[in-house]
Amino acid sequence: MAEVDTSAQHDSAGDSQTRHKQHHHKSHKPQELSHRMKRHFKHPEHHKHVSKRQPKHEYDADLTDEERQIFSKFYEEIKAREDISSELKKRRIVLMFLRGKKFVPERALLVMKNFMKVREEVGNLSIADVANYLATGVFYSIPDAVDKDGRKVYIVQARYVPSNEAKMERAHAMAYLLERDMNSPKLQRDGITTVIDMRKAPFIQNQDPQRQLSKMLQDSYPIRIGSVLIIEPPWFFKILIGAMKFFIKAKVLQRMKVVKLEDLPQHIDKQFLLPDMGGHSTYSQADWLMEQYEHEGIEPSEEVAANIQKLRDRAQAAKLRADGKS
């Protein structure tokens, strides 16, 4: 994935310039952010609840006076902490975590620490690390897709994935997608909507992958889960819900809603849904994967290229089926 420039215009002159990408290794020191992270921080969008005081930085232009006071105090605390990596001490990044956790400093600090642990575990990911898994079509996020409440939409296809796909690959793929989007102030404030398409869900006996991904979403990223839409779950869904109570927070369970596919447009416009979900979007996950390879200046292996082509073929077949029904 592309690198992220975490430096802000008004950060101190002593801020280091972008480092060359290094191979991941564990260390007792706080994990530094990857280059991919450093080049993905975009200029924030303005929020309607703006402080009366003229902001010094564009990235905090959406803050109210109360939020600005909380941020100022929390930023000074983070700067003084030795257990937080230097890259996470940038003003913009500190605000990202604080905003993503509703300006509750204790929660923001916990997520920052958990995020460093995730970065230590997954390392500095590139598209080559996640393309094979994303080519299964299990995870995707259509650019600019939002629900009726303005939340960013992520799609999870609950389908069979070959057994040689280790559960760590799931975490890598999710981390890659989340880090692409989490710098958006709008996403930090509004949260995300996750659509889980269970029409072809296999019976799931191992809950470890779901537990791992749930922990990442809830505790390791400055992202709120605003809504979870479950599409036509199978008979064993009640069993899954019973197991989820042990690793999904109660407030997230309360935001889960079972919907029929035909009712999904009541929550998400058809322009943001693929044809196999009754939508009109022309988004291609296969094209997106190849764009990431080109952006990162690398070539996919023959195996990955073949899997991406299979994904493209499945998408085209799904579109033909959808066109036949219309």
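What share of the 326 residues in the protein is buried? I looked this up before anything else. Buried residues make up 51% of the 326. I keep in mind that this is a predicted model.

**Entry: confidence**

I checked pLDDT next. The protein averages 79, and 74% of the residues score at least 70. Among the elements, helix α1 (residues 35–38) has the lowest mean pLDDT, 47. Helix α2 (residues 65–80) has the highest, 97.

**Entry: overall make-up**

I noted 12 helices and five strands. Residues 24 or more positions apart account for 76% of them.

**Entry: the sheet**

In what order do the five strands lie? I read β1-β2-β3-β4-β5, in an open sheet with mixed pairing. The edge strands are β1 (139–140) and β5 (256–259), and each pairs on one side only. Strands of a sheet pair through backbone hydrogen bonds, either parallel or antiparallel. I looked up one pairing in detail. Strand β3 (residues 192–197) runs parallel to strand β4 (residues 225–231), and six bridges join the two. Threonine 193 stands opposite serine 227 in β4.

**Entry: helix α2**

I tested the length of α2 against expectation. At 1.5 Å a residue, its 16 residues should span 22 Å. The end C-alpha atoms are 23 Å apart, so the span agrees.

Which residues of α2 are buried? I listed Glu67, Arg68, Phe71, Phe74, Tyr75 and Ile78. Seen down the helix axis, these buried residues fall within an arc of 135 degrees, so they line one face of α2. An α-helix has 3.6 residues a turn, so residues three or four places apart point the same way. The face turned away from the buried side carries the exposed residues Glu66, Gln69, Lys73 and Ala80. I then asked what the buried residues of α2 pack against. The partners are α3 (91–100), α4 (105–122) and α7 (185–190).

**Entry: aromatic pairs**

I counted six aromatic pairs. A pair of aromatic rings is described by the distance of the centres and the angle of the planes. I took two of the pairs.

Phenylalanine 115 and tyrosine 221 are edge-to-face, at 5.5 Å centre to centre with 85 degrees between the planes. Why does this pair tie together parts that are 106 residues apart in sequence? Phenylalanine 115 lies in helix α4, whereas tyrosine 221 lies in the loop between α8 (208–219) and β4, so the pair links those two parts. Phenylalanine 115 and tyrosine 221 are both buried. I also found that Phe97, Phe115 and Tyr221 form one aromatic cluster.

The other pair is tyrosine 133 with phenylalanine 139. I recorded it as tilted, with 5.8 Å between the centres and 50 degrees between the planes. Tyrosine 133 has 1% relative accessibility, so it counts as buried. Phenylalanine 139 has 5%, so it counts as buried too.

Conventions:
Residues numbered from 1 in each chain as written. Predicted model: local features only at pLDDT ≥ 70, side-chain atom pairs only at ≥ 80, totals over all residues. Heavy atoms only, no water. Pairing = 2+ DSSP bridges. Helix = DSSP H or I, 4+ residues; strand = E, 2+ residues; numbered from the N terminus. pLDDT = per-residue confidence, 0-100. Expected span 1.5 Å × (residues − 1). Buried < 20%, exposed > 50% of the residue type's maximum accessible area, 1.4 Å probe, protein only. Arc of directions from axis to C-beta. Contact = heavy atoms within 4.5 Å. Phe/Tyr/Trp six-rings, centres within 6.5 Å; stacked < 30°, edge-to-face > 60°.
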